[in-house]
Amino acid sequence: MQDLAGKHIVLGLTGGIACYKSAELCRLFVKAGATVQVVMTEAAEQFITPVTMQALSGRTVYTSQWNTREPNNMPHINLSREADAIVLAPCSADFVARLVQGRSDDLLSLMCLARPMDRVPLLIAPAMNREMWAHPATQRNLMQVSADGATMLGVGSGWQACGETGDGRMLEPAQLLEDITAFFQPKLLAEQKVLVTAGPTFEALDPIRGITNHSSGKMGFAIARAAREAGAEVTLVAGPVHLPTPRGVTRVDVISAQDMLEATTRAAQSASIFVATAAVADWRPATHSDQKIKKDGSGKTPVLNFVENADILLTVAKSERAQAKKLFCVGFAAESENLAEHAKAKRERKGIPLLVGNIGPLTFGQDDNALLLVDAKGVRELPRAPKLTLARELMTEIAARLPDWRV
Ligand code: CTP
């Protein structure tokens, strides 16, 4: 997806072994549709060559403020004025300290100081040894740089090039791309707490077998990501799926519909928006065998009896919080035919302000989908698109409905 189409990013590299990750980050920016101008400090050149970064960005790398290529010889002004964001990755402990002091004796620090603060955000991906990271001087400096208007992208934890293990690694390029993409999304759901259910449930028959369905969880995970991008605090209650947790989202893993009901009703007590995308099993086996059910050789097949699972969406929609209009509930309907008709009926039955219909066999496991939005006013179609695009559109639709619904 071309999430950064039309964006111009100045990617600043400072001295640190994490510079090797910046090559991949640059490539990901370009693949996401951004144009990238790389600026490197002298120390960064010890770790990776400008040739590598030039080849990946398709632009000559700037390494010095003395530059006759620029008609006015002011690259710090020219480069910072055309940027949609300056991203420092990696940003060394020394460079953070330099930002605190407003130093300007090399091109990158000079450019950060000269940037128009009201329209060119500065995003920082620190990278350093764990002791350097934990040092009060570094922590103090990071707080000061944040207070001065920079956005901290955080650090990773784990094995470090120096052989030690702890906090301070630069985030992985894909994580940085996700965070920077999120940074550019409009904050339509700031202050909201969004709760999402996603994926199938698994209803065990015995310790080996169970009943589940084809839901991949992709739509729900895309919604959790889009909600976080829109500035919400997000909890994702996920059935058994093997999908990576979207950045910044709190994930609660569950297996059965009963587990999902418990986790969801707990989280719903403080949520302000609930989106139920999970394909919850309608029934569970009436009995669960502690040991594997064995064939006895007689050819007799086991008889399975079922009991109905609670309807999680209905339970939450009927709760005091939802009835008091403190919790906006959105349901999904996976149908196989007559989508609009079924979706309208389901919205009424569940007593919710918004229901999103889709055709089950056309969405399960796919990366794209088409949605039909049904509310009290009527029906609106969101045409086939990647699930993340639809999820972002859905967040816009929800945000637009909140003010009217709350009164
Ligand atoms: N849902 C739920 N708990 C259940 C069943 C469904 O929370 N036990 C939610 C789903 O997450 C979805 C909505 O209810 O948001 C509709 O789910 P769907 O399976 O399409 O409909 P059902 O209510 O099960 O009705 P039917 O099977 O008759 O289509």
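## The ligand pocket

On a 1 Å grid over the protein atoms alone, a pocket is an open set of points with protein on both sides within 12 Å along at least five of seven lines. A molecule sits in such a pocket if more than half of its atoms lie within 2 Å of its grid points. In this predicted model, the space taken by the ligand is the largest pocket.

## Basis of the values

The model is predicted: local features need pLDDT of at least 70 and side-chain atom pairs count only at pLDDT 80 or more, while totals for chains, interfaces and linings use all residues. Residues are numbered from 1 along each chain as its sequence is written, and side-chain values use heavy atoms, with hydrogens and water left out.

## Overall fold

The chain has 15 helices and 19 strands; helices (H or I, at least four residues) and strands (E, at least two) are DSSP runs numbered from the N terminus. The C-alpha trace spans about 85 × 55 × 40 Å along its principal axes. Of the 407 residues, 49% count as buried. Buried means under 20% relative accessible area, exposed means over 50%, and partly exposed is in between (1.4 Å probe, protein chains only).

## Shell around the ligand

The ligand is surrounded by 15 residues, the closest being Ala 276, Ala 278, Leu 313, Lys 346 and Lys 350. By class, the shell holds nine nonpolar, one polar and five charged residues. In this scheme Ala, Val, Leu, Ile, Met, Phe, Trp, Tyr, Cys and Pro are nonpolar, Asp, Glu, Lys and Arg are charged, and the others, Gly among them, are polar. At least two shell residues each come from α11 (312–317), β16 (328–335) and α13 (339–350). Strand β16 gives the most, with four residues.

A ligand oxygen is 3.2 Å from a polar backbone atom of Ala 334. Taken alone the ligand exposes 570 Å², of which the protein buries 78%; these areas come from the Shrake-Rupley method with a 1.4 Å probe.

## Thr 201

Thr 201 lies in the loop between β8 (193–198) and β9 (203–204). With a relative accessible area of 0%, Thr 201 is buried. Its side chain makes a polar contact of 2.8 Å with the side chain of Glu 203. A polar contact is a pair of N or O atoms within 3.5 Å; within protein, one must be able to donate a hydrogen and the other to accept it, and residues adjacent in sequence count only if both atoms are side-chain atoms. A polar side-chain atom of Thr 201 also lies 3.0 Å from the backbone nitrogen of Ala 281.

## Backbone geometry

Most residues other than glycine have a negative phi, and most peptide bonds are trans. The bond joining Ala 89 and Pro 90 is cis, with omega about 0°, and Pro 90 is in strand β3 (residues 85–91).

Glu 191 has a positive phi, near 80°. Glu 191 lies in the loop between α8 (173–184) and β8 and is exposed at 78% relative accessible area. Asn 338, in the loop between β16 and α13, has a positive phi of about 40°. Asn 338 is partly exposed, at 44%.

How values were computed: Near = heavy atom within 4 Å. 1 Å grid on protein atoms, 1.4 Å probe; cavity = no way out; pocket = protein on both sides within 12 Å on 5 of 7 lines; lining within 4 Å.
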